[in-house]
Amino acid sequence: MAKTNIVQAINQALTEEMERDKDVVILGEDVGRDGGVFRVTEGLLDKFGPDRVMDTPLAELGILGAAVGMAAYGLKPVVEIQFMGFIYSALEQVFSHAARVRARSRGRFGCQLVVRTPYGIGIKAPELHSESAEALFCHMPGVKVVVPSTPLNAKGLMLSAIRDPDPVIFLEPSRLYRAVKSELSEGGAAMPLGKADIYQEGKDITVVAWGTMLHRAAEASEGFDCEIIDLMTLKPFDEEAILASVKKTGRLVVVHEATRMCGLGAEIAAFAAEEAMMHLKSPVIRVAGPDAVTPMARLEDAYMPDAARIKRAYETVMEY
Amino acid sequence: MPINTVGRFEVKYLQVVSEEGILDSALAPALSDTEIRKFYEAIILARTFNGRALSLQREGRIGTYASILGQEGSQVGSALALAKDDWVFPSFRETAVFLSLGYPLHLMIRYWMGDERGMKVPEGVNIFPMSVPVGTQIPHAAGAAMAMRIRGDKRAAAVYFGDGGSSRGDFHEALNIAGVFRAPVIFLCQNNQWAISVPRSKQTRAGTIAQRAIGYGIEGLQVDGNDVIAVYKAMKDALERAKAGDGPTLIECVTYRLDDHTTADDASRYRASEEVESWKKKEPLIRLRLLMEKKGILAKDYEDSVLKEAEAAVDRAVQEAEAMAAPDPADILNYTNAALTGRQKKEMKDLGWRK
Ligand SMILES: Cc1ncc(C[n+]2csc(CCOP(=O)(O)OP(=O)(O)O)c2C)c(N)n1
Ligand SMILES: [Mg+2]
């Protein structure tokens, strides 16, 4: 079977879901004729036509606001924001509307939409093309947040994200787009949101990571007996999987590239402290970005947590 | 009851030098031969720099780069109309504006190498760092212009953006607020017909971008952006009005992006080569050269020396840029806040960045 990368896997998920459900539409900048700057929507305009694959004006707030209206009317829009750093002007539509329509209307209206966006550092791109602002969205009640790490879960999670009745922010690690390959079958199964994957079993250290950092955390685990949890759904995250693992290992390291300050690692660490304090043999350690603006290409390697930093965290919890 | 017309509007288009190189002397601003040569020299420098940047990118010596080929007329004409103490708010496709205002070439290269120090604008140069999120810089110019008014300074702010940028709310809010406060600001839109793969016709149903000024009660006009003299005139007039207290102007420069969107793009996926070829015939240097030939101010040895000087300046800049020491990782933290927070100090130590 041919090997598929994450770009192709998401393209497959979009294709299959659009074939299955005519309410699914795509809108965004350059998603039509150009197939998206990363080619995730390549071929979809030809297949589904301009009513279902819409090249929009350059207006993120307008795109997201329109998607909220489409969802109100019953469509299932999949919005592409070209890079995560360009979503900020649309936050009002996400936070004040997409996330609250259900509560505001006491269930009369929902907001079934997906916002896909390339995310994270590591492709030596210009400024604001490397943001990891997942915590902003995790903090906001009403939205779900998903980060795939392989073609297999990218496809399965995208299928579920589109079918999910709530707004889902689907963050695609741009560094992994073409770097990770797996064998995928057509019509592959949806993977439930809210369920983590045990990427690697182990008994000494529970490591929670997602996206690009999942692979870094695994690389760094040589010489340690790590149980590596690929969180995949950041919100709602799989509390049971983390708890079961921490009870077994007694140690927890969370790795993410976003800044440590109020990052998702803080929530996971607090959760472990609240629910598994008695099982912990060491403090929970976060390996994360510093409290600094994400640098441009020349300094991005310095900024990103690397294997050495992750290993030091593993050593620290083991030696405690 | 009769239906009254409560407003009637028109949109003007300015061209001073025809495609055949003939100058309309009634419209032409007073320009000495030396001033016309300045346009030429600035365009040659920008084009030489641009060509070198593209080859440096191909050689992997700089990162993704946004070519300005074809837009030099709009950029040079408007930049050279500015006074030294005016302020500029650029997007990322403004190389010729930067260079025309004397921005150090080697810093420009450093920036495209992915080094923040390349946007450390020298003291005395009033250029705000280039804005990567499209259109977001437009309100900044409105605000700077409001500040100039509040302080009573006879200055203006100029902001550069594209046809795509005119679709963003930022654009509309900025025009509106600037109109309300009669801020001395020039909104310079380079309509280069494309926003990556999206053609101008899909940005707005409106026939021109210039006409959007009408809705905000400010001046607006369309200019042949490949006619450097026309752009210069439109900008000079707008600056004069702004500084006289007559409020903002939106200038739409009609031009064309002759290259791919950036070095990461492949424009052959979405536009016809015939379209590109037809615009190549209208590019700004051809026009200026025709004019200069007619005036007899484009001697061969002058041309050669301008090109040689430009090439030498770019050579020196590349050398200087590549000789710069690698940026210090500590600067990632050093410049986030005015002073390091306690947390940042700890991170600096943990990361081993403190010397
Ligand atoms: C807010 C925002 N959305 C998307 C992008 C990605 N992007 C970069 S340039 C561009 C097109 C810009 O078109 P235009 O404003 O016409 O300027 P041009 O590139 O033609 O100079 C897009 C979509 C961005 N940089 N910022
Ligand atoms: Mg454009």
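The dialogue below treats the interface and then the ligand.

Modeller: This is a predicted model, in which local features need pLDDT of at least 70 and side-chain atom pairs count only at pLDDT 80 or more, while totals for chains, interfaces and linings use all residues. Residues are numbered from 1 along each chain as its sequence is written, chains are lettered from A and ligands numbered from 1 in the order in which they are written, and side-chain values use heavy atoms, with hydrogens and water left out.

Biologist: How many salt bridges cross the interface of chain B and chain A?

Modeller: A salt bridge is a side-chain nitrogen of Lys or Arg within 4 Å of a carboxyl oxygen of Asp or Glu. The rule finds four across this interface. One joins R269(B) to E42(A), whose closest N and O atoms are 2.8 Å apart.

Biologist: Where does ligand 1 lie, and which residues are the closest?

Modeller: A residue is near a molecule if one of its heavy atoms lies within 4 Å of it. Ligand 1 sits between chains A and B. Of the 20 residues that surround ligand 1, the closest are E60(A), R93(B), D163(B), G164(B) and N192(B). A polar side-chain atom of D163(B) is 2.7 Å from an oxygen atom of ligand 1.

How values were computed:
Polar contact = N/O pair within 3.5 Å; in protein donor to acceptor, adjacent residues only side chain to side chain.
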